[in-house]
Amino acid sequence: MSPPYSLVAGAEPYEDRTSPVSLDSSVFFSKTTSSASDPSDFFVVNVGGSRFVLSRELLTPHPETRLGQLARCPRGLAMEFCDDADLTENEFFFDRNSQTFQHVMNFYQTGDLHVREELCEISFLQEIEYWGIDELCIAPCCRERYSRRKEQKENLVVLPEFEPEVGDEDFAGASCPALRRHLWDLLEKPESSRAARTFGCLSIFFVVVSVVNMLLISLDLGEDFGGSAPLLFDALEYVCVVWFSGELALRFLCVRNKCQFGRSVPNVIDLLAILPFYVTQALEKLRAGSTDLENVGRVVQVLRLLRSLRLLKLGRHSTGLKSLGWTIAQCYEEVGLLLLFLGVGISIFATVAFTLEYDHPATTFSSVPAAWWWATTSMTTVGYGDIRPDTLAGKVLAFFCILSGILILSLPIAIINERFSACYVTLKAKEAKEVKEAKEAQEAKEAAARY
């Protein structure tokens, strides 16, 4: 809130002649004891229809700002700093937000820039940049909240790399544009039609069937159900791979920019989901024809484990998984600091615990790496119990180790949770907008068909 200011003598030239001073604005004057001030020492600043009276004495201490430069420049150069001017009335016009300008006026009067809770941080930053005020001038009471919310909103503006650029494909001039547009909407826009929604549901169904089939194969149910179970599982695996391969091939054929398609994270995940199957088939045939490849079997087992990456395909259809990936991409600095703090803590507690417990009979701290394992499970509050301290000093150290782990893990949780919530809300709003646009397009198409 700006402090009240009283009208001083000598301000008669700035009585309202054309429009009254806005009721929600304040009129500012410098403190003076003179009863006959020079009219040229005052400026009438009209911001968005609200008129403010400022003194040269108030503006000249801030020569780096727009109004400070206006107060110091010759009258002939005044138009470089404002949108319009009435030099006969000494009034200068600015097509800017008058509510934000009240905070600018408060900065000139007090030297501190305050930010209200309800203001948009990005819009506020644009306004103060226009007036030539550095955001470092924001008062300490508002700086932490402003910086946090500004960073959050700036991050939400950036489209994450893993999110497909749906709707940006332009098939004008390409071969079979109508067919490619129809296939693209079917594959990438489940809200565009009933067939697209059905295709999306089938894609999710095959992902779930593939994961369940992988689990059943690992149970080795051939002995319980005879020789038919492995054949059934193999058939399901072939059907799922054919579906995934066809889905990826159709997307690849539809897009015009093949390089951008190959750099997209969802498409890389789709490729990794099916690639282990084809490589496994090739290696098994290679192993059957040669006795020199001793490690091929282990490679095949590792490749079979990579089929679990098919779960990541659900990210195309799950807003929660998209939000999680977006949050991790944004919070890499916080996650890096968390890992750094954990690493330092684990190293310190491990070496101290090894020193305290090494001479104890029947100790489980056989080496420093074993102590690292104990410190890792303790700081992350897992506590397997396979390695434990036996001395009193070791138990006290374990208490501080666990307490430190809890404190370190809790530090970035608030930031990560806030960003996850913001990402989730943003993606849900984007999806709702796309559904609304698709519905309007469908209604327009039906209306055009009727007439």
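Helices here are DSSP runs of H or I with at least four residues, strands are runs of E with at least two, and both are numbered from the N terminus. With that in place, Ala-362 sits in the loop between helix H14 (332-357) and H15.

Before going on, a word on the source. This is a predicted model, in which local features need pLDDT of at least 70 and side-chain atom pairs count only at pLDDT 80 or more, while totals for chains, interfaces and linings use all residues. Residues are numbered from 1 along each chain as its sequence is written, and side-chain values use heavy atoms, with hydrogens and water left out.

Now the overall picture. The protein has 17 helices and 4 strands. Of its 451 residues, 37% are buried, where buried means under 20% relative accessible area, exposed means over 50%, and partly exposed is in between, for a 1.4 Å probe and protein chains only. Contact means heavy atoms within 4.5 Å. Among contacts with a separation of 6 or more, 65% join residues 24 or more positions apart.

Back to Ala-362. Its phi is positive, about 55°, although the residue is not a glycine. As background, most residues other than glycine have a negative phi. Is Ala-362 buried or exposed? Its relative accessibility is 75%, so Ala-362 counts as exposed.

Thr-381 is another non-glycine with a positive phi, at about 60°. Thr-381 is placed in the loop between H15 and helix H16 (392-410). With 46% relative accessibility, Thr-381 counts as partly exposed.

Staying in this part of the chain, Val-368 belongs to helix H15 (residues 368-379). Val-368 is partly exposed, at 26% relative accessible area. From Val-368 to Val-352 is 16 residues in sequence, and 9.5 Å in space from C-alpha to C-alpha. In helix H14 we also find Ile-348, partly exposed with a relative accessible area of 48%. Ile-348 and Cys-401 are 53 residues apart along the chain, and their C-alpha atoms are separated by 9.5 Å.

Next, a pair of helices. Two packed helices are described by the angle between their axes and the distance between the axes. Axes are lines fitted to C-alpha atoms, for helices over the stretch in contact, and angles run from 0 to 180 degrees between N-to-C directions. At what angle do H7 and H9 cross? Helix H7 (residues 194-218) and helix H9 (residues 228-254) cross at roughly 145°, with axes that come within 9 Å. The crossing of H7 and H9 is left-handed, meaning that the near helix is turned anticlockwise from the far one by less than a right angle; clockwise would be right-handed.

Which residues make this contact? On the H7 side they include Phe-199, Leu-202, Ser-203 and Phe-206, and on the H9 side Phe-233, Trp-243, Phe-244 and Glu-247 are among them. By class, the contact of H7 with H9 has 13 nonpolar, 3 polar and 2 charged residues. In this scheme Ala, Val, Leu, Ile, Met, Phe, Trp, Tyr, Cys and Pro are nonpolar, Asp, Glu, Lys and Arg are charged, and the others, Gly among them, are polar.

Glu-247 lies in helix H9 and counts as buried, at 2% relative accessibility. Leaving aside residues up to four places away in sequence, Glu-247 touches Leu-187, Phe-199, Ser-203 and Lys-313.

Now the rings. Rings of Phe, Tyr and Trp (its six-membered ring) pair if their centres lie within 6.5 Å; planes under 30 degrees apart are stacked, over 60 edge-to-face, and the rest tilted. This rule gives 17 aromatic pairs. One of them is Phe-399 with Phe-400: the centres are 5.4 Å apart and the planes at 70°, so the pair is edge-to-face. Phe-400 counts as partly exposed, at 44% relative accessibility.

Ring pairs also link Phe-52, Phe-94, Phe-101, Tyr-130 and Trp-131 into a cluster. Arg-96 lies over the face of Tyr-130, 4.0 Å from the ring centre. A charge sits over a ring if NZ of Lys or CZ of Arg is within 6 Å of the ring centre and within 35 degrees of the ring normal. Lys-258 does this over Phe-252, at 4.7 Å from the ring centre.

Last, helix H4. Tyr-130 is one of the buried residues of H4 (residues 121-130), as are Phe-124 and Ile-128. After H4 comes Gly-132, with a positive phi near 80°.
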